[in-house]
Amino acid sequence: MKKILFFVALIATALWTITACTSKPETTDEGVNNFRIRRGTNLSHWLSQSKERGEARRQHIQEDDFERLEQLGFDFVRIPIDEEQFWDEEGDQLPEAWELLKNALDLAVKHHIRAIVDLHIIRSHYFNAENEGGASPNTLFTSEEAQQQLINMWYQLSDALKGYSNDSVAYEFMNEPVADDHEQWNQLVAKVHKALREREPQRTLVIGSNRWQGYETMKYLKVPEGDKNIVLSFHYYNPMILTHYGAWWTPLGKYKGKVNYPGVLVSKEDYEAAPDSLKEMLKPFTTQEWNIDKIRADFKDAIEVAKRYNLQLFCGEWGVYEPVDRELAYKWTKDMLSVFDEFDIAWTTWCYDADFGFWDQKKNDYKDKPLVDILMSGEGLDSK
């Protein structure tokens, strides 16, 4: 009996792999891909936001990572990639990064995990540029040349990845656009969408809202009409004073007082004891109640836009910085998961193994197993 079960499982795996690797468009009767996603994580700080190269980069993500995610019950990953890792300053491809990406996608297919390839940072646009002092170096929304370069990058990515099934791999245009005017992003979305649809008419495309993929700007997003193979994306880290407590790269990270959740985040006593330089930023957190109802209310606009277009909604980034009090982190995480499940919102945590993550690559062990247990306690792909 064990041998029979083994061969049945082997045949099933082989069939899934063959299906996922074919370039033939696979759609439902209504022409919609079977790119069904529910719960995942970001493979961040590997092919993006990392100075690792050579052997360290090659060893960073391996097959055991995909085995682990499959066993835990994750059904997809978001893979951020940066222009500087894939192209040199002359625009020539840097072969090793491409090989690593394709190897990762092959491993994802092998372990029944779908993937979103996210163009995270490009030379003409960095989502955090205006927060790092000085004038923003972003030229993407004012330069036709920069916009064409973005399209050219996606042409090359499409040429390399079009062999993967539409049911297993999706493309995310760009991470956290920061245009001064929402219409600038809408116009660029239309350009990139048109260019990619000429190459790949059926590929699932992930499109986020302007201003850091904010939930509150989703209502300004103009979604290409009549395309059902689009997933709408937003990010959510609110309240930042909780999720980014102690984060060195944000002004709020300098606050060292107590934070509460749920309820009013900063008490009057803690507010008064805080440095004067922080009080203006802290003030909103001394009156607003933060709880599951606040999260639900924040998601309202994004949920309505997804319903209007009849498209899947996806929270591509959410999570809590590692030093944050774990009990507070767990309470917030449980509330987030409840709202995701209530409104059928897919998600990828930020992130797998970096400073918001749950896995420690160096120790080859969990950094936060209770967090993983909470994440996997909600509704998964098979429950829908």
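A: Let us begin with a pair of helices: the crossing of α12 and α13 is right-handed, a crossing being right-handed if the near helix is turned clockwise from the far one by less than a right angle, and left-handed if anticlockwise. Helices (H or I, at least four residues) and strands (E, at least two) are DSSP runs, numbered from the N terminus. Please keep in mind that this is a predicted model, in which local features need pLDDT of at least 70 and side-chain atom pairs count only at pLDDT 80 or more, whereas totals for chains, interfaces and linings use all residues. Residues are numbered from 1 along each chain as its sequence is written, and side-chain values use heavy atoms, with hydrogens and water left out.

Q: OK, and at what angle do the axes of α12 and α13 cross?
A: The axes of α12 and helix α13 (residues 326-342) cross at roughly 45° and come within 9 Å, where axes are lines fitted to C-alpha atoms, for helices over the stretch in contact, and angles run from 0 to 180 degrees between N-to-C directions. That makes α12 oblique to α13, since angles under 35 degrees count as roughly parallel, over 145 as roughly antiparallel, 65 to 115 as roughly perpendicular and the rest as oblique.

Q: Which residues make the contact?
A: From α12 they are Ile 292, Ile 295, Arg 296 and Phe 299, and from α13 they are Trp 332, Asp 335, Met 336, Ser 338, Val 339, Phe 340 and Glu 342, with contact meaning heavy atoms within 4.5 Å.

Q: And which strands does α12 lie across?
A: Helix α12 (residues 292-309) lies across β6 (230-235) and β9 (312-317), and its direction is at about 175° to β6.

Q: Switching to the sheet: how many strands are in the barrel?
A: The barrel is closed and has eight strands with parallel pairing, in the order β1-β2-β3-β4-β5-β6-β9-β10, where two strands pair if DSSP finds at least two bridges between them. Direction ignored, neighbouring strands of this sheet are turned by 25° against each other on average.

Q: How many bridges do β1 and β2 have?
A: Three, in the parallel sense, between strand β1 (residues 39-42) and strand β2 (residues 76-82), and Asn 42 stands opposite Arg 78 in β2.

Q: Is β2 mostly covered or open?
A: It is mostly covered, since seven of the seven residues of β2 are buried, buried meaning under 20% relative accessible area, exposed over 50% and partly exposed in between (1.4 Å probe, protein chains only). Phe 76, Arg 78, Pro 80 and Asp 82 are buried on one side of β2, and Val 77, Ile 79 and Ile 81 on the other. Both faces of β4 are covered as well, with Val 169 and Tyr 171 buried on one side and Ala 170 and Glu 172 on the other.

Q: Back to helices, then: at what angle do α5 and α6 cross?
A: The axes of α5 and helix α6 (residues 144-161) cross at roughly 50° and come within 11 Å, and α5 and α6 are therefore oblique to each other. The contact is made by Trp 98, Leu 101, Lys 102 and Leu 105 of α5 and by Gln 156, Leu 157, Ala 160 and Leu 161 of α6.

Q: Is Leu 157 buried or exposed?
A: Leu 157 is buried, with a relative accessible area of 0%. Apart from neighbours within four places in sequence, Leu 157 is in contact with Ile 81, Trp 87, Trp 98, Leu 101 and Tyr 171. Val 117 is 40 residues from Leu 157 in sequence, and the two are 9.3 Å apart, C-alpha to C-alpha.

Q: Last one: what share of the chain is buried?
A: Of the 384 residues, 53% count as buried, and the secondary structure of the chain comes to 14 helices and 12 strands.
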